[in-house]
Amino acid sequence: MPHATIATQEMEITPFVHEPGKKANFGATVTGADLNSLDESSFQALRQAVYEHGVVVVKAQHDLIPAKQSDLIKRFDPEARAQHGFGAGKGSKLVGFLGVRVFPFFRETAFASLLVSRTDLLFVGQDMPFHAIPDSGGVNLVGHGYQGDDHYGLKNLTVRAIPQSKLHATPLSPEELASGQTRFNSFHFDGAIYGAPPSRVTSMRCVKAPVGPELTVRWDDGSGRTMNCKAGGTAFLSGAQLYSLLSDDEKKLADHSFWEPAPHPFAWMGTRRLRSSGMGLAPGGQTIPLHELPEWTPDKVYKFPMVWVNLVTGEKALQIFPDIIRKLYLRDSPTASERVVEDLEEIRSWVNDIYDRIATPEYIIIPEAEEGDVIIWNNWAVQHSAIEYPDSYGTRSSTAASSAEPSKADCSQCTNSTLLRAHCPLGLSLQHKPLLCCSSLVGAWIDRHLKCCSAD
Ligand SMILES: [Fe+2]
């Protein structure tokens, strides 16, 4: 019998029981919740479950109102700016295909200039716009195919999900895809990244699932690895498990190192494409020179930690966004000299070597989500990927909500070392915190840390 936790009178939280041979150690099912009217104690139980299990599937939310889905995300991060989601009318021609899967709230005017200047490098084929559901607080339609006469106010809409053919260096053929062979599109975490840290939590409700035979996800990297799954699923891997797989020396390095994305990183990627596993970049491709990017300012190019600390459990997770890194800042202690790596090939090899340890069938899960189910995940601790399916399987409709501009770790509460460790994304001790957080992260976060540290 699976271990079950009674969280409240209504809710039951049951950790996933993984199949034999599986090494993944995360995920849980939540039953008995009503996300339309979640009382405070039930919300706290749900929040605890998300942070403890990384990914939760909240069953049977058939009647969830999109605006309530947005409200739920705001409860996870009350300080997040009120603007959520993509914003209607913005699409891949404005942010690059890889930007479609995250939360761009960039100004259209800036990207319009890029569109004019570099269409040869960036954009192939039709535009893929985002579709914000009206009056939802920024919930977006994520799907594929005809969405019906009226999908929460979106009328007669047909959408096309981003195909792996636009993302991978060596994509599957249309014939292979039609036969039920597929790939992980791209492992990532949600966030605009330029000018904003990743969203703390993302939710996705399955409104309509495609129907068809099981798919075979192929790695096509010479390993012969495959996974089977239902169509319409989302794959996850755990950054916490990845951190646990590092050697002690690697943990020291990760604890004290940083990665820096390019400005407007999803446009900057240019013609660089992913490996066939959907994890990390393949060789080749061309980035966009910084001076050809839309207007940008250095203060919005954040220097992110490699290791993020779970806000509830304190567990560390390795969270790096392989596709968009322009610099690595490597050091293995707070006082060690820093090695700055700017060679993109060296960065690519270094990051891929780490992620190859966990981007395997043993560690990846594809939770089954039936129509009405809501998947909620800790976006600071897991990475996820869509999985393309054949058009013949029919329409997929999901509603997704995340924070377009989430708040950073809250250090204003750091009145003692315990709280400080709990809230610092690096989980640093009081002694080390000023050296790392205050000197390395940018913007308001620094101000708050400095204030906090001096108060301490
Ligand atoms: Fe995503």
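This is a predicted model: local features need pLDDT of at least 70, side-chain atom pairs count only at pLDDT 80 or more; totals for chains, interfaces and linings use all residues.
In E20, Val 340 is the bridge partner of Tyr 329.

Now the whole sheet. In what order do the strands of this open sheet run? The order is E16-E15-E19-E20. That is 4 strands, with antiparallel pairing. The edges are E16, residues 304-305, and E20, residues 339-341. Each edge strand pairs on one side only.

E15 also leads to a residue I want to flag. His 264 sits in the loop between strand E15 (258-261) and helix H10 (265-268). The phi of His 264 is near 45 degrees, which is positive, and this is not a glycine. Is His 264 buried or exposed? It counts as buried, because it has 29 C-beta neighbours inside 10 Å. The cut-off for buried is 20 or more.

Compare Asn 156. Its phi is near 50 degrees, again a positive value in a residue other than glycine. Asn 156 is in a loop as well, between strand E8 (154-155) and strand E9 (158-159). Here the neighbour count is 10 inside 10 Å, so Asn 156 counts as exposed. For exposed, the limit is 12 or fewer.

Next, some totals. The protein has 14 helices and 23 strands. Of its 456 residues, 49% are buried. Then contacts. Take those between residues at least 6 apart in sequence: 74% of them join residues at least 24 apart.

On to helix H1, residues 40-53. H1 has 14 residues. From first C-alpha to last it reaches 20 Å, close to the 20 Å expected at 1.5 Å a residue. Which residues of H1 are buried? They are Ser 42, Ala 45, Leu 46, Ala 49, Val 50, Tyr 51 and His 53. What covers them? The cover includes strand E2 (12-15), strand E3 (28-31), strand E4 (55-58), strand E11 (201-208) and strand E21 (374-378). After H1 comes Gly 54, with a positive phi near 80 degrees.

Then E4. Both of its faces are covered. Val 55 and Val 57 are buried on one side, Val 56 and Val 58 on the other. E4 pairs with E3 in the parallel sense, over 3 bridges. Within that pairing, Ala 28 has Val 56 in E4 as its bridge partner. The chain goes from E3 through H1 to E4, a right-handed β-α-β crossover.

E4 is also joined to E21. That pairing is antiparallel, with 4 bridges. Val 56 turns up again here, opposite Ile 376 in E21. A reminder on pairing: strands of a sheet pair through backbone hydrogen bonds, either parallel or antiparallel.

Is Val 17 buried or exposed? It counts as exposed, because 11 C-beta neighbours lie inside 10 Å. Val 17 and Gly 27 are 10 residues apart in sequence. In space, they are 8.7 Å apart, C-alpha to C-alpha.

Last stop, strand E12, residues 215-218. One face of E12 is covered: Leu 215 and Val 217. The other, with Thr 216 and Arg 218, is uncovered. What does E12 pair with? One partner is E10, residues 181-182, running parallel and joined by 2 bridges. Gln 181 stands opposite Thr 216 there. Another is E13, residues 226-229, antiparallel over 4 bridges. In E13, Met 227 is the bridge partner of Val 217.

Two points to take away. His 264 and Asn 156 have positive phi without being glycine, yet His 264 counts as buried and Asn 156 as exposed. And Val 56 has a bridge partner in Ala 28 and stands opposite Ile 376.

How values were computed: Residues are numbered from 1 along each chain as its sequence is written. Two residues are in contact if their C-beta atoms, placed from the backbone, lie within 7 Å. Two strands pair if DSSP finds at least two bridges between them. The expected span of a helix is 1.5 Å times one less than its number of residues. A crossover is right-handed if, with the strands pointing away from the viewer, the path from the first strand over the helix to the second runs clockwise.
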